[in-house]
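Take a moment to look through the sequence and the structure below.

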Amino acid sequence: MITKISTTCFLLLLSLFARSQTHCGTLQPADGEPITDLSVAQNRDIITVSVLFHVVYNTDEQNISDSQILTQLDVLNEDFRAINDQTNVPVGFQDDVADAEIEFCLAQRLPDGTATTGIIRTPTTETIIGLKQVLYTTSPAADSEHYLNVWVADLGGGLNGTATFPGAATPDKDGIVIDPHFVGTTGLAAEETRYNLGRTLTHEIGHYLDLFHVFGTTSGGSCSSDDFVEDTPNGENTYLGDCPTGIEFSCNSSDMWMNFMYFTDDACMSMFSAGQKARMQNTLLTTRSGLAESNGCLPVSTREVEQANVTVFPNPAQNLFKILPADGKYDRLQIISGRGETVFFRNNIDVEITVDCTDFPRGLYFVILKNENENENERTVRRIILQ
Ligand SMILES: [Zn+2]
């Protein structure tokens with residue numbers, strides 16, 4: 001009897017999905033902790049998250065193009081750096097818009113050090129595989145401590161995407177599943193109307209970094225249900241299938257319906273708040289700190305594979321660190337930040353070098369040693385973290 005009732009409920013849910021698009025299938029925790037120390041959002045360099053897309057396709061159409069995925073990367077890097085179009089943010093919320101200072105790259109190397117394009121394509125005979133456990137063995141997660149794994153897989157036409165909160169899933173299932181119709185802005189996404197601008201993944205990464213829906217933990221929104229963020233007023237509407245143009249009130253305050261963590265149409269979503277930024281940055285310092293320390297964005301070099309004997313110490317470092325090129329002379333030393341900016345450069349290195357890093361923003365850096373007569377792939381790379 002219990003089984004029969006459950007099956008009936010499931011079919012009822014499926015029929016509801018068939019009638020209306022459900023923006024997000026993420027299972028939110030029943031409760032959350034407010035982040036009280038907003039200073040975590042300061043004094044840090046930009047964090048670049050290494051993303052691996054697993055395209056698991058049953059039809060040629062679902063095997064979306066590299067260019068469709070690249071438009072998704074562009075959307076993420078605009079939304080999380082607050083350089084997207086924010087003209088629909090009402091005056092009352094404009095001071096709350098935050099640059100989350102998080103960027104995303106297509107992974108350049110796999111955990112074992114081999115090169116990748118960041119896009120792994122695997123055919124499957126399964127239909128609607130995005131709702132099945134077999135998804136995770138068809139294209140296994142790669143080191144979900146250091147990589148954001150995004151499975152692009154058929155969710156059956158009713159659901160856009162789903163994510164795992166920090167600590168909510170085992171490593172092999174930690175990440176995001178998104179339907180190919182809602183990736184980026186071109187290809188299949190261009191055939192959509194409401195969810196055609198790549199905001200499904202922006203929203204799901206919000207969950208992945210510990211953000212709740214602004215309307216709270218209930219499915220339909222409630223004034224008594226919080227998102228554990230100070231500067232996002234409680235709301236009792238989800239705005240699913242809606243795209244407001246003016247002030248909307250609920251719960252005795254103006255709703256931040258243009259926040260990425262509502263259910264509004266992609267064209268209406270345009271901001272994270274400062275409190276949400278603090279919450280995401282706190283996650284990158286704690287439960288998902290491995291993402292901030294990953295070298296997945298850095299291309300593989302030949303010399304690195306050969307395990308060249310170069311020592312960088314101490315690591316982590318504070319005010320200075322030393323580079324000891326024990327295996328010979330190098331023509332060029334370059335130190336670049338995790339987001340690709342050169343912060344130090346010197347020619348002709350053959351002895352111990354001391355680098356004063358007092359003025360460098362804290363974060364992950366790459367020490368790159370290279371000889372001019374070697375090709376572009378031949379270089380020695382060491383990671384160092386400044387604290
Ligand atoms: Zn959601």
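A disulfide is counted here where two cysteine sulfur atoms lie within 2.5 Å of each other. The model is a predicted one, and by this rule it has three disulfides. Numbering the bonded cysteines in sequence order gives the pairing 1-6, 2-4, 3-5.

Start with the disulfide between Cys105 and Cys297, where the sulfur atoms are 2.0 Å apart. This link is left-handed, with -95° about the S-S bond. The two cysteines come from distant parts of the chain, 192 residues apart: Cys105 belongs to strand S3 (residues 102-106), while Cys297 is in the loop between helix H7 (289-292) and helix H8 (302-305). Cys105 has a relative accessible area of 13%, and therefore it is buried, since buried means under 20%.

A second disulfide joins Cys223 to Cys251, again with an S to S distance of 2.0 Å. Its torsion about the S-S bond is -90°, and the link is left-handed. Cys223 is in the loop between H5 and S8 and Cys251 is in the loop between S8 and S9, so the bond ties together parts that are 28 residues apart in sequence. Cys223 is partly exposed, at 34% relative accessible area. Cys251 also has a positive phi of about 55°, although it is not a glycine.

The remaining pair is Cys243 and Cys268, with sulfur atoms 1.9 Å apart. Here the torsion about the S-S bond is about 100°, so this disulfide is right-handed. Cys243 lies in the loop between H5 and S8, and Cys268 in the loop between S9 and helix H6 (274-285), so parts 25 residues apart in sequence are tied together. Cys243 is partly exposed, with a relative accessible area of 34%, whereas Cys268 is buried at 2%.

Now turn to the metal site. For comparison, the ideal angle for four tetrahedral donors is 109.5 degrees.

Asp210 has a positive phi of about 85° although it is not a glycine. With 19% relative accessibility, Asp210 counts as buried.

Two further details complete the walk. The peptide bond from Phe313 to Pro314 is cis, with omega near -15°. Pro314 lies in the loop between strand S10 (310-313) and strand S11 (320-325). Elsewhere, Cys357 has 0% relative accessibility and so counts as buried.

Note on methods: Residues are numbered from 1 along each chain as its sequence is written. This is a predicted model: local features need pLDDT of at least 70, side-chain atom pairs count only at pLDDT 80 or more; totals for chains, interfaces and linings use all residues. Side-chain values use heavy atoms; hydrogens and water are left out. Helices (H or I, at least four residues) and strands (E, at least two) are DSSP runs, numbered from the N terminus. Buried means under 20% relative accessible area, exposed over 50%, partly exposed in between (1.4 Å probe, protein chains only).
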